[in-house]
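Here's a quick tour for someone meeting this structure for the first time. Have a look at it, then read on.

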Amino acid sequence: MDNKTEKKILLIDMNSYFASVEQMCNPALKGKPVIVCGRGRTVVVTASYEAREYGIKTGMTVPEARKLCPNVNIVYGNLDKYIDTSLKIHKIFLDFTDKVEVFSIDECFMDVTDVENYYGGAENIALIIKRRLKHEFGLTCSIGIGPNKVIAKLAAKMKKPDGLTVITQEKVKDFLEELSIEKMQGIGIGKHIAEKLKNIGINTAVDLGNADLMMLTGFFGKLGWVYKNIGQGIDHTPVRNYYDKSPIKSVGHSHTFPQDTDNIEVIKSYVLMLSEKVGERLRNYKMAGKTLCIFIRFYDFSYIMKRKTYSCYFNSGTEIFKKSIEILDKNIFPLSKKVRLFGVSISSLTRITTQEYLFEDQRKNKKLIETIDEINKRYGEFTIKPLSMKIAENFGIIKKCGVLTTRTWKK
Ligand SMILES: [Mg+2]
């Protein structure tokens, strides 16, 4: 690829984002060790760089963090605040181009190929962004620039905090030569995959790129092909336009329990709550689906995923709940270990027309559901809720359920 057609892709990764936003909002925390953790959970979600100097890391328990730094400031995370700040940050990127793709709450891709000449090159754009983030928000970021998304993402990881790493196409080979498999995490190669790869003698990105495709697909199915491309630094996926709405493929919710549990009544109550939420969102989108997927993460981070496709479309919470319980009873209960997180999602979606409700009882049910939705919309989530949701409520906060987000690297 010559220089003219070489793409310039940026990945902007905010540094210790949640902790930095907290420091931005509360100047008393500036320059001090801060950890952000979820309410009710005793695990560190993000640590400020000052806290990291004491050896505090994401995933540690709060008592462990306190042991390392007794004066550490503990802040309970506020997702709304972080999302709000992210949206404001995106506006800076959008001043340059609409080709801004949100990768996660604190990471965005930008394709500046078409506009870099107006700003004296991609590197200069990165420097302007850094200056503005610092000046307007007091936040720092690490930016990677590469000829595609994979390389940009890997480059951004090279220097933290406040880094800027540029890898041009001609440097890609040397760059991958030195890159260990561990450093490739976050681009579709998780911890477990990294371990598996090492077990079969693949230790660097180049090893992965050179590995036999048949062998890789034998181990990882279709993903073997994706991994091989990643190992060769090949990625043709475009940076999406910020304003393009991608069609909804699935609707799901997940919830991390306030404490790990194997109490089936508690779990069922959460399943009901999540089913209601998923149903409500489907109905808001005027959609129904026929594939139900259940996801359980256990305390030791192992997980089970069960999927079933039905012949009829559905979108009521009761229906989702009933089907989820059937799957759970048949495949998962009794539990062998404690559960940390539970998720439900519906896919194989279709738009709903009135014809979907041909039968009288379905029509009545539809009217009832619509009325409940309307009241909940007006007076807040779960103003009207099934009684058995009470168990979940007593067990922990039910209002803050995260949207099930899977960060898959699309190929
Ligand atoms: Mg980050």
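Strand β7 (residues 141-146) pairs with β8 in the parallel sense, over three bridges. Two strands count as paired if DSSP finds at least two bridges between them. The names come from DSSP runs numbered from the N terminus: helices are H or I runs of at least four residues, strands are E runs of at least two. Before going further, note that this is a predicted model, where local features need pLDDT of at least 70, side-chain atom pairs count only at pLDDT 80 or more, and totals for chains, interfaces and linings use all residues. Residue numbers start from 1 along each chain as its sequence is written.

Back to the pair: I145 stands opposite V166 in β8. Helix α5 (residues 122-137) packs on the sheet and touches β1, β7 and β8, and its direction makes about 165° with that of β7. Contact here means that the C-beta atoms of two residues, placed from the backbone, lie within 7 Å. Angles run from 0 to 180 degrees between N-to-C directions, with axes fitted to C-alpha atoms, for helices over the stretch in contact.

So what order do the strands of this open sheet follow? There are five, in the order β5-β6-β1-β7-β8, with mixed pairing. β5 (100-104) and β8 stand at the edges with a single partner strand each, so one side of each has no neighbour in the sheet. On average, neighbouring strands are turned by 15° against each other, direction ignored.

| Cis bond | Omega | Where the proline sits |
|---|---|---|
| K160 to P161 | near -10° | loop between α6 (149-156) and β8 (164-166) |
| F333 to P334 | near -5° | loop between α13 (317-332) and β12 (339-351) |

D162 is also in the loop between α6 and β8, and has a positive phi of about 60° although it is not a glycine. S16, in the loop between β1 (9-14) and α1 (17-25), has a positive phi too, near 30°.

Is S16 buried or exposed? S16 is buried, with 25 other C-beta atoms within 10 Å. The cut-offs are 20 or more such atoms for buried, 12 or fewer for exposed, and partly exposed in between, with C-beta atoms placed from the backbone. D162 counts as partly exposed, because it has 14 C-beta neighbours inside 10 Å.

K338 lies in the loop between α13 and β12. Leaving out residues up to four places away in sequence, K338 touches D260, T261, D262, F298 and Y299. The C-alpha atoms of K338 and Y299 are separated by 5.7 Å, with the two residues 39 apart along the chain.
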